[in-house]
Amino acid sequence: MNAIQARHLSKHYRQYARPLDLFKEWLLRRPFHAEVKALAPIDLNIEKGATFGVIGDNGAGKSTLLKLLAGTLPPSTGTLQIEGRKSAILELGSGFHPEFSGLENIRLACSVLGLSAAETSQRMPDIIAFSELGDAVHRPVKSYSSGMFVRLAFSVVTSIEPDVLIVDEALSVGDALFQKKSMDRMMRFRDEQRTLVFCSHNLYQVKELCEQAIWLEAGVVKAQGDSATVVDDYQDYVRARQSARPNSQRVTPEMDAVSDVYLHEVSLEGGIDTAEGVPLFRFGDPFAIKVRAEIGSRPVEDVHIGLILIRNDGLQVYGVSTLIDQCNLLPIEGTTHGVRLVFDPLMLMSGDYALEAWLLDRSGLHVYDSRPICCQFRVRHESSEVGLVKMAHQWEPVA
Amino acid sequence: MYYAPPPIRTGFIKRLFKLYLDLYHHRQSLFLMARRDTLLRIKGTLLGPLWLLAQPLFLLLVYSFVFSGIMKISFRPDGGSGDFALYLFAALVPFSALQDGLQRASSSLMENRDLLLKTQMPAIVFPAVAAISTLVQELIGLFILIMAAWVMGYVPGITLFLLPVMIGLRLLLTFALAPVVAILSVFVKDVGQVIPMLMLALFFTTPIIYPLEMIPADYRPIIESNPMTWLVQAYRSIILESQWPVDNLLVLGAACLVLLGATGMLFMRLQHRAKDFL
């Protein structure tokens, strides 16, 4: 059964340059506004008990979507159906007033969330305990530190127990200990088979907490589906954009114009073809790079191959050369020589990667030829580990 | 729950009813917010609740001096300055409550932007809070008025039991006007500037500092088309003259109903778009 069902849900705003335009439009019955599309039509089916993540850049329409789901913004088109009692945490401490005590603010905040006075009194001890405020609840909120403020606000909003909870970036608040507590509360919420819609910049949390996710970009759905896939795709995209060295603008080192020493082929072996034409490797698969080069009239000891694995944000993951490892290229036919660099198993974590290939002399200083960015490939790992590569490790008893 | 783009023409009465029913559902928040607004004005001040009355009391002194002391206006043939002050205050109390309510209403949606956009509170709650938070100030004013009247020989009659009805009507009138002021202020910030001027005009076209009888017959219809005239006259009849202002109550009740319908309709049509402007 679906807890949330949205059909063709969208939001656009009318933007008026001046207040006068509003009247002109009203009187002349002609549009005097710019239409701002905050969210293109979107279809959602969120099952009961599911956790659903919303990711994307700032201004991508995440908050708009959550506001539509929460019902605080009316949609421009489409319909929305929500089963059961819903509650939304779009902002912590909305309506808190600094002049009043924590206690009084709890009362009003609970009332705004739809609790009766009796329900509020019943939950009050829990709320105060969870917020860790102690006697400070009797002091005016203006005397609170920002940490105390968010703790109080979070305690209030999570004390309610709706069937559908919509949370907008509310988890990344407070000190580490409190973050843990609030995360636990979200987990418990999920385990109780309540429906959770969750938006966060913390992609790890989204990946861990949610089964399904949606990636919004400039108000349009870029990807929707299994949260691990969506988050990985988004991360690749973010890294590619952050890259300080865009692929096409790499400066190729000056080459010997008349050189007969050059790279013939750099290619990957294995991998699954994807729709984008980028081969996909799974973590733990064998991974090999094949390089062929013409060495011309040079002796084989004077030609070396260097390879660097680069993530799409420009980070060099690992680079090594036949020069460093003291080995030689092997003849294939005529002056064509080649070598395979094998990583088995592949220890890279999810991400988009590429290769940089260099053809060097024995000093390592002269560059015969190079391929700045080639052989793009993608890696996906299934586990919850994070980072760049898997590192050898073991867990040992503490002495 | 089911949300669709709001239908424009269907079931007007039903939707209007729902608009005001929302207030009932959120009555607890309404009460807490009105209490907070009232407390906020006196919190940490020396004189406390008296500040709620500072302005009307000050006006009372000034107007009594000017209009009774200098210009010799009186409400009753044999009335002195004290008598004038009582009649003036009986009208000033409800009027300043209404004025105050509308002034607050004009900024209510802007000030509660967070609650409006980030929680599920219906927008109508905020002008309603502005209207209700004038209640305490009016009650204190009326208490002082009745005590003073008693001291000066106006023994309160049985008509005083009608006072709660009167206060209710005054609240209803404030609440009937508040949503328009609130919603228009969102679209056009100038409304906040216009309100004090309109209130000044309303003040002088209501028989507050002069008796209704002083008005030339030609201008009577203007003054009588002002609901505030009926309101302040009713307060005076009940508190000072021990008379039953039946006509006034009927006129006011009808005016409130018409206004509630009209302003409610305007509010409903504009409230969703107002959110885009906040």
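Two residues are in contact if their C-beta atoms, placed from the backbone, lie within 7 Å. With that in hand, welcome to the close-up views. This is a predicted model, in which local features need pLDDT of at least 70 and side-chain atom pairs count only at pLDDT 80 or more, while totals for chains, interfaces and linings use all residues. Residues are numbered from 1 along each chain as its sequence is written, and chains are lettered from A and ligands numbered from 1 in the order in which they are written.

**View 1. Phe149(A) and its surroundings.** Leaving aside neighbours within four places in sequence, Phe149(A) is in contact with Gly93(A), Val141(A) and Tyr144(A). Phe149(A) sits in helix α5 (residues 146-159) of chain A; helices (H or I, at least four residues) and strands (E, at least two) are DSSP runs, numbered from the N terminus. With 22 other C-beta atoms within 10 Å, Phe149(A) is buried. Here a residue is buried if 20 or more other C-beta atoms lie within 10 Å of its own, exposed if 12 or fewer, and partly exposed in between, with C-beta atoms placed from the backbone. Gly102(A) is 47 residues from Phe149(A) in sequence, and their C-alpha atoms are 8.8 Å apart in space.

**View 2. Strand β7 of chain A, covered on both faces.** Five of the five residues of β7(A) (residues 195-199) are buried, so this strand is largely enclosed by the rest of the structure. Thr195(A), Val197(A) and Cys199(A) are buried on one side, and Leu196(A) and Phe198(A) on the other. Two strands pair if DSSP finds at least two bridges between them. Strand β3 (residues 51-56) of chain A runs parallel to β7(A) and is joined to it by four bridges, with Thr51(A) partnering Leu196(A). Strand β6 (residues 164-168) of chain A also pairs with β7(A) in the parallel sense, over five bridges; there, Asp168(A) has Cys199(A) as its bridge partner.

**View 3. An open sheet in chain A.** Four strands with antiparallel pairing form this open sheet, in the order β10-β12-β16-β15 (chain A). At the edges stand β10 (262-269) and β15 (330-333) of chain A, each with a single partner strand, so one side of each is left without a neighbour in the sheet. Antiparallel β15(A) and β16 (residues 336-343) of chain A are joined by three bridges, and Glu333(A) has Thr336(A) as its bridge partner in β16(A).

**View 4. Where chain A touches chain B.** On this interface, 29 residues of chain A are in contact with 25 residues of chain B. The elements giving two or more residues to the chain A side are β1 (2-15), α1 (19-28), β4 (77-82) and α3 (102-112) of chain A. Of these, β4(A) gives the most, with five residues.

View 5. Just after α7(B), Gly153(B) takes a positive phi of about 95 degrees.
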